[in-house]
Amino acid sequence: MKWFNTLSHNRWLEQETDRILDFGKNAAVPTGFGWLGNNGQIRSDMGTHLWITARMLHVYAVAANMGRPGAYALVEHGINALNGPLRDKQHGGWYACVNDEGVIDASKQGYQHFFVLLGAASAVTTGHPQARTLLDDAIEAIERYFWSEQEQMCLESWDEAFSKTEDYRGGNANMHAVEAFLIVYDVTHDRKWLDRALRIASVIIHDVARKGEYRVNEHFDANWNPIRDYNIDNPAHRFRAYGGTPGHWIEWGRLMLHLRAALEARFETPPAWLLEDAKGLFHATIRDAWAPDGADGFVYSVGWDGKPIVRERVRWPIVEAMGTAWALYTVTGEAQYEAWYQKWWDYCIKYLMDYENGSWWQELDTNNEVTTKVWDGKQDIYHLLHCLVIPRLPLAPGLAPAVAAGLLDSLAK
């Protein structure tokens with residue numbers, strides 16, 4: 001069966017995209033975009049997180065470029081939240097979490113700031129008059145506090161006043177830095193963002209993960225030495241799980257292929273390892289995490305021996321897996337990647353897609369029944385956009401810039 005680059009499959013993706021975008025608009029709250037519960041209603045007890053608000057700004061920037069009525073107003077809403085309740089006007093940067101009463105978490109998190117960078121860069125493609133200033137502010141914060149010239153890598157976090165940073169260095173934050181840097185490059189055409197993305201990938205993937213059978217280590221000390229027992233007592237942590245998080249392995253694969261395509265678009269010869277390692281990450285994810293206990297689905301985390309630790313099936317890994325399958329097919333033309341893509345869509349429509357309450361379930365147990373061990377609710381629709389829109393675009397430029405350039409469905413014959 002042929003799905004990729006066909007009008008019929010793309011029409012199906014378009015229909016599901018509209019369903020997801022309609023669900024996501026319910027997240028708008030006065031302070032930004034809130035945490036949506038499983039029934040699609042706001043969980044006011046969770047507050048307004050910076051990462052959710054910034055990701056939803058990115059999502060609706062893409063939607064606005066797709067010509068979806070109402071999306072541009074949500075772009076404006078996101079920009080206003082990042083310029084208002086979530087911004088620290090005294091110390092700079094953005095608070096991690098607020099609510100209607102004020103600041104809940106005043107820390108300055110790299111993971112969250114990189115999503116501000118992504119959201120602002122995506123918003124620039126809509127032509128919103130305040131977006132470029134927001135992007136410039138985000139770039140300034142990244143340059144000043146989160147990009148280490150000495151390490152040529154990204155720092156993890158700071159206290160409220162940017163006076164003290166963690167000794168910990170995180171692979172998750174650096175991965176999302178790569179994602180944001182690629183879009184910032186598309187918007188600014190400043191080559192340093194590609195150089196930085198390549199540097200990060202070379203350290204975390206090519207230098208460390210490749211030597212460990214592509215089981216990506218995400219926890220490092222201040223000298224970038226892996227900490228292999230980090231969070232061993234809290235293995236189901238949402239952002240810093242113990243061991244390997246295979247969903248990130250396969251997500252890295254797609255990002256590296258975007259980086260490869262961006263270099264090729266500059267008529268440069270990208271390092272061969274970008275494709276080699278993307279393949280290695282893809283197949284390692286399947287080897288360790290796909291149905292290791294007999295039931296379909298990707299387990300959330302595995303140990304350094306490749307055995308499952310947290311067996312719950314969280315939504316975002318399979319979403320990212322489908323995007324990487326498309327990316328590898330685009331580069332190699334190999335049918336195996338389309339076959340996996342189709343298998344995973346069949347799984348999603350059987351177990352994850354929720355047509356009664358909206359969107360997709362966030363987490364399933366080992367029997368593929370809904371559970372909430374790691375995640376409770378349907379926080380945002382950022383990852384879903386990747387499997388619904390990215391397979392209808394070329395690998396470069398990135399998501400919002402490509403849609404703004406009119407490239408959506410350009411591959412369909």
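His 189 lies in the loop that links helix H6 (171-188) to helix H7 (192-209). The model is predicted, and in it His 189, although not a glycine, has a positive phi of about 60 degrees. With a relative accessible area of 59%, His 189 is exposed.

Trp 224 also has a positive phi, near 65 degrees, and it too is a residue other than glycine. Its place is in the loop between strand E11 (219-220) and helix H8 (246-265). Trp 224 has 13% relative accessibility and therefore counts as buried, the cut-off for that class being under 20%.

A further backbone feature is the cis peptide bond between Ala 396 and Pro 397, where omega is about 0 degrees. Pro 397 sits in the loop between helix H12 (382-388) and helix H13 (399-404).

**Helix packing**

Two packed helices are described by the angle between their axes and the distance between the axes.

| Helix pair | Angle between axes | Distance between axes |
|---|---|---|
| H2 and H3 | roughly 150 degrees | within 8 Å |
| H5 and H6 | about 130 degrees | 13 Å |
| H8 and H10 | about 35 degrees | 8 Å |

Helix H2 covers residues 50-65 and helix H3 residues 71-83, and their axes cross at roughly 150 degrees. An angle over 145 degrees counts as roughly antiparallel, so H2 and H3 are roughly antiparallel to each other. Their crossing is left-handed. On the H2 side the contact is made by Leu 50, Thr 53, Leu 57, Tyr 60, Ala 61, Ala 63 and Ala 64, and on the H3 side by Ala 71, Tyr 72, Leu 74, Val 75, Gly 78, Ile 79, Ala 81 and Leu 82. By class, the residues of this contact are 13 nonpolar, two polar and no charged.

The axes of H5 and H6 are 13 Å apart, at an angle of about 130 degrees. That angle makes H5 oblique to H6. H5 passes H6 in a left-handed crossing. H5 contributes Arg 132, Leu 135, Ile 139 and Ile 142 to the contact, while H6 contributes Phe 181, Val 184, Val 187 and Thr 188. These residues divide into six nonpolar, one polar and one charged.

Leu 135 belongs to helix H5, which spans residues 131-146. Its relative accessible area is 0%, so Leu 135 is buried. Leaving aside residues up to four places away in sequence, Leu 135 touches Leu 117, Ala 120, Ala 121, Val 124, Val 184, Val 187 and Thr 188. For Ala 121, which is 14 residues from Leu 135 along the chain, the C-alpha atoms of the two residues are separated by 5.8 Å.

H8 packs with helix H10 (residues 315-332) at an angle of about 35 degrees, and the axes are 8 Å apart. This crossing is left-handed. From H8, the residues in the contact are Gly 247, His 248, Ile 250, Glu 251, Gly 253, Arg 254, Leu 257, His 258 and Arg 260; they meet Trp 316, Pro 317, Glu 320, Ala 321, Gly 323, Thr 324, Trp 326, Ala 327, Leu 328 and Val 331 in H10. The contact of H8 with H10 has nine nonpolar, six polar and four charged residues.

**A sheet of three strands**

An open sheet of three strands has the order E3-E4-E5 and antiparallel pairing. Strand E3 (48-49) and strand E5 (102-105) are the edge strands, each pairing on one side only. E3 is joined to strand E4 (residues 97-99) by two bridges, and the two strands run antiparallel. In this pairing Thr 48 stands opposite Val 98 of E4.

E4 and E5 pair over three bridges, again in the antiparallel sense. Asn 99 stands opposite Gly 102 in E5. E4 and E5 form a hairpin, with two residues between the strands.

Key: Residues numbered from 1 in each chain as written. Predicted model: local features only at pLDDT ≥ 70, side-chain atom pairs only at ≥ 80, totals over all residues. Heavy atoms only, no water. Axes fitted to C-alpha atoms, helices over the stretch in contact; angles between N-to-C directions. Helix = DSSP H or I, 4+ residues; strand = E, 2+ residues; numbered from the N terminus. Parallel < 35°, antiparallel > 145°, perpendicular 65-115°, else oblique. Left-handed = near helix turned anticlockwise from the far one by under 90°. Contact = heavy atoms within 4.5 Å. Nonpolar A, V, L, I, M, F, W, Y, C, P; charged D, E, K, R; others polar. Pairing = 2+ DSSP bridges. Buried < 20%, exposed > 50% of the residue type's maximum accessible area, 1.4 Å probe, protein only.
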